[in-house]
Amino acid sequence: MLVNMRRSRSGCYVISLRPRGEHEAMRRAASRRGLRVIALSPWRLVPLADAATRRALRAALDADVVIATSPAAVRAARALRRLHARRGQAWCAVGDGTAGALRRAGVATVQVPVRRDSDGVLALPALDDVAGRSIGLLTAPGGRDILAPTLGARGARVLRADVYRREPLPPTPQAVAALRGLDAPAWVALSSGEALAHLLASLPPDAAAILRRARVVAASDRLAALARAEGFACVVRAAGPGPRDLVAAVQGA
């Protein structure tokens, strides 16, 4: 879906790879800076509520430390069980948006890393010495895959609860037409390597080539390296994965 295709002398485009229906925060952040948004969703999010998911969630919420990897994970978990921190239990979030979702759900104290990515989470005080401890992970299949193996290697018992899944979507004709009709510089707001890989594989070849000519603002060093490996020539590092972080980096560049 293309938002505000009227020609602007000052604004470039931000290409949002958020899931379907979750581009509004990016639109607000971009519009404040005179930028336009092309919404290019690689998938939609589907909450899970089967018996196996409920059992996994119950176990994860009983862990010594609970990590939420996204606002979507918080929403899906909250739909199944009340969220609260028990005595002595630590809660961690990957970024400010996830931390805000946890606080609204009833978890008052949340540790958030300065570096808003998986490496930043792994450096949090609550995860400093986890040998023999249990770590609950509220996430989705494929989400933040570095966390579980790293924590397991540190001696933790990881209790993973995949509370939603990503359902792949083909690019819409409107989004493909927007790429083909770009009339100003474009920046890919990159906060998911999986999203970028899916889009490059599913776009028509000419549209994928246009996307690769765009600049990239990446939410982490790992994603910046991935974008360069995919052939993107201009890659800038953002302070974090949130829409305001990504848009601020575009404006600064």
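This report walks through a predicted model, starting with its sheet and moving on to its helices and a few single residues.

## How to read the numbers

Residues count from 1 along each chain as its sequence is written, and side-chain values rest on heavy atoms, with hydrogens and water left out. Since this is a predicted model, local features need pLDDT of at least 70 and side-chain atom pairs count only at pLDDT 80 or more, while totals for chains, interfaces and linings use all residues.

## The sheet

Let us begin with the strands. Four strands form an open sheet in the order S5-S4-S6-S7, and their pairing is parallel. Strands (E, at least two residues) and helices (H or I, at least four residues) are DSSP runs, numbered from the N terminus, and two strands pair if DSSP finds at least two bridges between them. At the edges are strand S5 (90-93) and strand S7 (157-162), each of which pairs on one side only. From one strand to the next, the twist averages 20 degrees.

Strand S4 (residues 65-68) joins S5 through 4 bridges in the parallel sense. Here alanine 68 stands opposite alanine 93 in S5.

## A helix across the strands

Helix H4 (residues 96-105) lies across S4 and S5, and runs at about 140 degrees to S5. Angles like this run from 0 to 180 degrees between N-to-C directions, and axes are lines fitted to C-alpha atoms, for helices over the stretch in contact.

Threonine 98 belongs to helix H4. Threonine 98 counts as buried, with 5% relative accessibility; buried means under 20% relative accessible area, exposed over 50%, and partly exposed in between (1.4 Å probe, protein chains only). Setting aside neighbours within four places in sequence, threonine 98 is in contact (heavy atoms within 4.5 Å) with Ala68, Thr69, Ser70, Pro71, Val74 and Ala93.

## Two helices that pack

Two packed helices are described by the angle between their axes and the distance between the axes. For helix H1 (residues 24-32) and helix H11 (residues 243-252), the angle is about 35 degrees and the axes are 9 Å apart.

Ala25, Met26, Ala29 and Ala30 in H1 meet Pro243, Arg244, Leu246 and Val247 in H11. The residues of this contact of H1 with H11 divide into 7 nonpolar, no polar and 1 charged. Ala, Val, Leu, Ile, Met, Phe, Trp, Tyr, Cys and Pro count as nonpolar, Asp, Glu, Lys and Arg as charged, and the others, Gly among them, as polar.

## Arginine 58

Our last stop is arginine 58, in helix H2 (residues 51-61). Arginine 58 is partly exposed, at a relative accessible area of 36%. Between arginine 58 and alanine 225 there are 167 residues in sequence and 37 Å in space, C-alpha to C-alpha.
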